[in-house]
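Happy to go through this one with you.

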Amino acid sequence: MTRRNRRLSLIAAALVVIGCAVGLGLYAMRDSLALFLTPTEMVEKHVEPGTRLRIGGLVQEGSVVKNGDRLTFNVTDGTKSVGVDCAGDCFANIPDLFRAGQGVVVDGALGAQGRLVSDQILAKHDERYMPREVVQQLKKEGRWQEGESAQK
């Protein structure tokens, strides 16, 4: 084998090893990747049950139902809505800002009935939000002006 052939063989072997490593890495991450969709996009794409995804939108008014250690609600984008079921760890970690009309991002897997079985709920807020304790301290110091925050 000539020197040139050995070098080409070494380069080919290195490319095969790198290709296998990339392929194994992508295969391992396939379950941790989640698509971000609006309810309308989810309906239009005909997402298969069991698919991991994130739904972003607003909590539909009048749809929030707490029943023991379960929470059900709908996420809407103004056109379509998607039902969400939350129980277990998800229910134990509901954000304080979660309420009807509030923006949310829900992470989970699509169930057989077309409802999202949630693992995590994230509530959106504007950049003016301040924790209640900070607002109270600023009021106590006389440095708070009404209208500085959207806090309720």
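Predicted model: local features only at pLDDT ≥ 70, side-chain atom pairs only at ≥ 80, totals over all residues.

Q: Why is T40 called buried?
A: The cut-off for buried is under 20% relative accessible area. T40 has a relative accessible area of 14%, so T40 is called buried. This residue lies in helix α2, residues 39–45. Leaving aside neighbours within four places in sequence, T40 is in contact with D77, T79 and K80.

Q: Is G103 buried or exposed, and how do you know?
A: Buried is the word here, because G103 comes out at 12% relative accessibility, and the limit is under 20%. G103 belongs to strand β6, residues 103–110. Beyond four places in sequence, G103 is in contact with G57, L58, L122, A123 and K124.

Q: What is the separation of the C-alpha atoms of G103 and K124?
A: The two C-alpha atoms are 5.0 Å apart, while the residues are 21 residues apart along the chain.

Q: What makes a set of residues the largest nonpolar core here, and which residues have the most contacts inside it?
A: Members have to be buried nonpolar residues joined through side-chain atoms within 4.5 Å. The largest such core has 20 residues, and M42, F73, F98 and I121 have the most contacts inside it. Two or more residues of this core come from each of β2 (52–59), β4 (70–76), β5 (81–87), β6 and β7 (116–123). As general background, nonpolar side chains tend to be buried together in soluble globular proteins.

Q: Which residues does F73 touch?
A: Not counting residues up to four places away in sequence, the partners of F73 include V59, V64, V82, V84, F98, V106 and I121. R115 is also among them.

Q: Why is the pair of F73 and F98 called edge-to-face?
A: A search of the whole structure finds 1 aromatic pair. Its ring centres, those of F73 and F98, are 4.9 Å apart and the planes meet at 65°. F73 sits in strand β4 and F98 in the loop between α3 (89–92) and β6, 25 residues apart. Both F73 and F98 are buried.

Q: How do you know that β4 and β5 pair?
A: Strand pairing needs at least two bridges, and 7 bridges join β4 to β5, which run antiparallel. Within this pairing, N74 stands opposite G83 in β5. The two strands form a hairpin with 4 residues between them, and G78 in the turn has a positive phi of about 95°.

Q: In what sense do β5 and β7 pair?
A: They pair in the parallel sense over 2 bridges, which meets the requirement of at least two. V84 has L116 in β7 as its bridge partner.

Q: What makes β5 mostly covered?
A: The count does: 5 of its 7 residues are buried.

Q: Why is the contact of R52 with D107 called a salt bridge?
A: The closest N and O atoms of R52 and D107 are 3.5 Å apart, and the limit is within 4 Å. R52 is partly exposed at 27% relative accessible area, whereas D107 counts as buried at 10%.

Q: What about D107 and R54, whose side chains meet in a salt bridge: what is the N to O distance?
A: It is 3.8 Å, which again falls within 4 Å. This pair links D107 in strand β6 to R54 in strand β2, 53 residues apart. R54 has a relative accessible area of 35% and is partly exposed.

Q: How do you know that D85 forms a salt bridge with R115?
A: Their closest N and O atoms are 3.0 Å apart, and the cut-off is within 4 Å. D85 lies in strand β5 and R115 in the loop between β6 and β7, so the pair ties together parts that are 30 residues apart in sequence. D85 counts as buried at 17% relative accessibility, and R115 as partly exposed at 27%.

Q: What joins R52, R54, D107 and D119 into one network?
A: Salt bridges that share partners do. A search of the whole structure finds 4 salt bridges.

Notes
Residues numbered from 1 in each chain as written. Heavy atoms only, no water. Buried < 20%, exposed > 50% of the residue type's maximum accessible area, 1.4 Å probe, protein only. Contact = heavy atoms within 4.5 Å. Phe/Tyr/Trp six-rings, centres within 6.5 Å; stacked < 30°, edge-to-face > 60°.
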